[in-house]
Amino acid sequence: MCLVYLILFTILNYFIPKAKCVTKKYYITITVLFALIPSLIQLMMTEAFSTWFNETFGIDLVDFMQFRFQSITTAFQSDIASQGLGSFLYVDVPWYDGFVHMNIHNDIVRIYLELSIVGLVVFLYGFSSIAKNVYSFLVIVYMFIELAVSHFLGNGSIPFWVLVYALIFFFNYDDTKYKSIKTLDTIDPPLSLSLYRTEDNDFE
């Protein structure tokens with residue numbers, strides 16, 4: 001995913017200027033798309049979809065999702081949903097004769113279970129609205145994709161968030177204002193001011 005984004009940024013750099021802004025419709029679109037992920041995952045966890053996936057691709061859905069299927073299913077069936085951020089770090093997934101402590105590996109689903117659909121929408125829209133141009137918006141989209149397939153809201157994820165915020169700040173930074181202020185020093189003074197300075201020098 002990182003390599004794909006690197007190639008995408010390199011290509012877009014030749015066609016889209018950094019100052020190209022994003023509008024409110026971008027924030028709403030990305031919020032709606034990622035807010036639908038929990039519902040789509042619930043549809044995928046049905047027996048009918050698992051059978052269709054196996055018959056179509058010849059791959060067991062549980063093996064394809066690397067056992068995330070069990071952890072997410074257990075999370076949705078749990079009765080501790082919507083008890084606040086941080087209340088759903090791990091679930092006890094049935095494993096042979098016992099249980100195994102597992103992360104659900106999907107922070108979008110985790111936010112949905114902890115804060116309900118309202119909290120998820122607020123989180124998605126709040127983060128996406130930070131973007132001021134196309135490139136910072138793409139960084140946020142990448143962050144949402146990672147949250148949908150892994151877990152970065154927890155221990156050991158500080159470097160990821162530092163990098164994300166640094167990239168957003170870098171792309172949001174408008175250096176045109178600095179350049180416009182800097183060019184003021186190179187502008188010739190008005191004619192009236194020049195005459196005034198000349199008269200002062202003559203007087204002295």
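Residues are numbered from 1 along each chain as its sequence is written, and side-chain values use heavy atoms, with hydrogens and water left out. Because the model is predicted, local features need pLDDT of at least 70 and side-chain atom pairs count only at pLDDT 80 or more, while totals for chains, interfaces and linings use all residues.

The structure contains 17 aromatic pairs (rings of Phe, Tyr and Trp, the last by its six-membered ring, with centres within 6.5 Å; planes under 30 degrees apart count as stacked, over 60 as edge-to-face and the rest as tilted). Tyr26 and Phe137 form an edge-to-face pair, since their ring centres are 5.7 Å apart and their planes stand at 75°. This pair joins distant parts of the chain, as Tyr26 belongs to helix α2 (residues 24–35) and Phe137 to helix α8 (residues 134–149), 111 residues apart. Helices (H or I, at least four residues) are DSSP runs numbered from the N terminus. Tyr26 is partly exposed at a relative accessible area of 35%, whereas Phe137 is buried at 10% (buried means under 20% relative accessible area, exposed over 50% and partly exposed in between, with a 1.4 Å probe and protein chains only).

Phe160 and Trp161 form a further edge-to-face pair, at 5.3 Å centre to centre and 80° between the planes. Phe160 is buried at 14%, and Trp161 is buried at 12%. Both residues belong to one aromatic cluster that also includes Phe34, Phe123, Phe127, Phe144, Phe152 and Tyr165.

Phe160 and Trp161 are also among the buried residues of α9, together with Val164, Ile168 and Phe171. Viewed down the helix axis, the buried residues of α9 fall within an arc of 105°, and therefore line one face of the helix; the arc is that of the directions from the helix axis to the C-beta atoms. The face turned away from this buried side carries exposed residues, including Ile158, Val162 and Phe170.

The second largest pocket is lined by residues that include Ile37, Phe64, Arg68, His105 and Val149 (on a 1 Å grid over the protein atoms alone, a pocket is an open set of points where a 1.4 Å probe fits, with protein on both sides within 12 Å along at least five of seven lines; lining residues have an atom within 4 Å of a point). Helices α3 (37–44), α6 (68–77) and α8 each supply at least two lining residues, and α3 gives the most, with 4 residues.
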